[in-house]
Amino acid sequence: MYIHIPFCKQACHYCDFHFSTSVKKKPEMVEAICKELLLRKEEVSGNVETIYFGGGTPSLLSAEELQQIFDVIHSNYSVVENAEITLEANPDDLSEEKLKMLAASTINRLSIGVQSFFEEDLKLMNRAHNAEEALESIKLAKQYFGNISIDLIYGIPGMSNRRWKENLQIALDLEVPHISSYALTVEPKTALKSMIEKGKVAPVEEELAKEQYEIMIETLSAANFDNYEFSNFGKPGFFSRNNTAYWFGKPYLGIGPSAHSFDGFHRKWNISNNTLYIKSLQKGEIPAEIEKLSISDRYNELVMTRLRTKWGIAVDEVERSFGKKYKDYLLREATGLIEDKLLEWHNNRLQVSKKGKFLSDGIASELFWVEN
């Protein structure tokens, strides 16, 4: 289960997610989220294994608002006893009082949006926290939570390889068990894109990002982190169960404005407008669009998601799910990529090689089924 909390204190220059910097409608939004949870309970026939509060900035929720949502979930859904319950948080929200409140709830995993431990990077990205808050929030959070993930961004204009290595070393010194790390991407209609176009910020260099990704793999592997998905590194026992479920094509329910859902055969997404979302739910309507996925859509999604993971694509699963035609097509299209040492075989599974790792999305697209 994914719950989208669409509020932020301020807009990060690189972000194109759905959010609002006005929290005036937060009480109505929580009511609408609870209403959607009630209206959609019949869509979930099995147990809920993970709950993920994403955003936006879910750490802006009060104890009462969180409890309101949990009450609806636990009285209407079957949640397994050891469910992974994650909340995304910004360092500037994580006071000791806030952490005590979160620890007293059923939340058992924190994902902290650090992005960098250096002031110049945080200012360029327009993050709401400073470098000291980044450090202190993690030290404090460790007193209340054992399962902590932090986000880091590489490929930032002006960030040298040396500074990136220092970022990683600080994370290692803090002994967090999970790191999610992404290359800075320039999305349309973001402040970052405008700043680059106006010459205020240097363009993002793909070659530098590739170097920093390779530095990260080498550094974190040496520190006993497993690169189990392209952007995710975990110590044994600390992989994200929520995200792993996405990559393995498990059904998920997305609640809140802009949230996506997947039942194995259909993709559904809610409207990305807070006012219209709230008004619709007040009328008992869910403002969503739905798409039925074709067999080739589902095959392409499996290829895209599995190749990003260390487990790769099980060829017998392709045949079982989509038929011999798709298996034969996969094997045929993979031949050249194997010869180029971008893909390799492990236990009847196709996996991206070390050489191909930074190119995994492009490699996946070479294996896509394209309708004539």
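This is a guided tour of a predicted model, stop by stop.

**Before you start**

Residues are numbered from 1 along each chain as its sequence is written, and side-chain values use heavy atoms, with hydrogens and water left out. Because the model is predicted, local features need pLDDT of at least 70 and side-chain atom pairs count only at pLDDT 80 or more, while totals for chains, interfaces and linings use all residues.

Helices (H or I, at least four residues) and strands (E, at least two) are DSSP runs, numbered from the N terminus.

**Stop 1: a three-stranded sheet**

Select strands E10, E11 and E12. They form an open sheet in the order E10-E11-E12, with antiparallel pairing. Two strands count as paired if DSSP finds at least two bridges between them. Strand E10 (260-262) and strand E12 (288-292) are the edges; each has a single partner strand, so one side of each is left without a neighbour in the sheet. On average, neighbouring strands here are turned by 15° against each other, direction ignored. The axes behind that angle are lines fitted to C-alpha atoms, for helices over the stretch in contact; angles run from 0 to 180 degrees between N-to-C directions.

Now look at strand E11 (residues 266-270). E11 pairs with E12 in the antiparallel sense over five bridges. Pick Trp269: the residue opposite is Glu289 in E12. In general, strands of a sheet pair through backbone hydrogen bonds, either parallel or antiparallel.

**Stop 2: Glu84**

Go to strand E3 (residues 79-89) and select Glu84. Is Glu84 buried or exposed? Glu84 is buried, yet has no salt bridge. Buried means under 20% relative accessible area, exposed over 50%, and partly exposed in between (1.4 Å probe, protein chains only). A salt bridge is a side-chain nitrogen of Lys or Arg within 4 Å of a carboxyl oxygen of Asp or Glu. The nearest side chain of opposite charge is Arg109, 4.1 Å away. For charge, Lys and Arg count as positive and Asp and Glu as negative; His and the chain ends are not counted.

Show Asn242 next. Its backbone nitrogen lies 3.0 Å from a polar atom of the Glu84 side chain. Then show what else touches Glu84 (contact means heavy atoms within 4.5 Å). Leaving aside neighbours within four places in sequence, the contacts of Glu84 include Glu49, Thr50, Ile51, Asn108, Phe239 and Ser240.

**Stop 3: salt bridges**

How many salt bridges does a search of the whole structure find? The search finds 21. Start with Asp92 and Lys9, whose side chains meet at 2.8 Å, N to O. Asp92 lies in the loop between E3 and helix H3 (96-104), and Lys9 in the loop between strand E1 (2-5) and helix H1 (26-39), so the pair ties together parts that are 83 residues apart in sequence. Lys9 is partly exposed, at 45% relative accessible area.

Move to Glu36 and Arg40. Their closest N and O atoms are 2.8 Å apart. Glu36 is buried at 0%, and Arg40 counts as buried at 0%.

Next, select Arg306 and Glu317. This salt bridge spans 2.7 Å, N to O. Arg306 sits in helix H11 (residues 295-307) and Glu317 in helix H12 (residues 315-322), so the pair ties together parts that are 11 residues apart in sequence. Arg306 is buried at 5%, and Glu317 is buried at 18%. Finally, select Glu36, Arg40, Glu43 and Lys268: salt bridges that share partners join these four into one network.

**Stop 4: Ser105**

Find Ser105 in the loop between H3 and strand E4 (109-115). Ser105 is buried, with a relative accessible area of 17%. A polar atom of its side chain lies 2.6 Å from the backbone oxygen of Leu102.

**Stop 5: backbone exceptions**

Most residues other than glycine have a negative phi, and most peptide bonds are trans. Select Gly55 and Gly56: the peptide bond from Gly55 to Gly56 is cis, with omega near 20°. Gly56 lies in the loop between strand E2 (48-55) and helix H2 (63-76).

Then pick Asn126, which has a positive phi of about 65° although it is not a glycine. Asn126 lies in the loop between helix H4 (119-125) and helix H5 (131-141). Asn126 is partly exposed, at 25%.

End at Asn347, in the loop between strand E14 (343-346) and strand E15 (349-352). Asn347 has a positive phi of about 50° although it is not a glycine. Asn347 is exposed, with a relative accessible area of 76%.

Definitions and conventions
A polar contact is a pair of N or O atoms within 3.5 Å; within protein, one must be able to donate a hydrogen and the other to accept it, and residues adjacent in sequence count only if both atoms are side-chain atoms.
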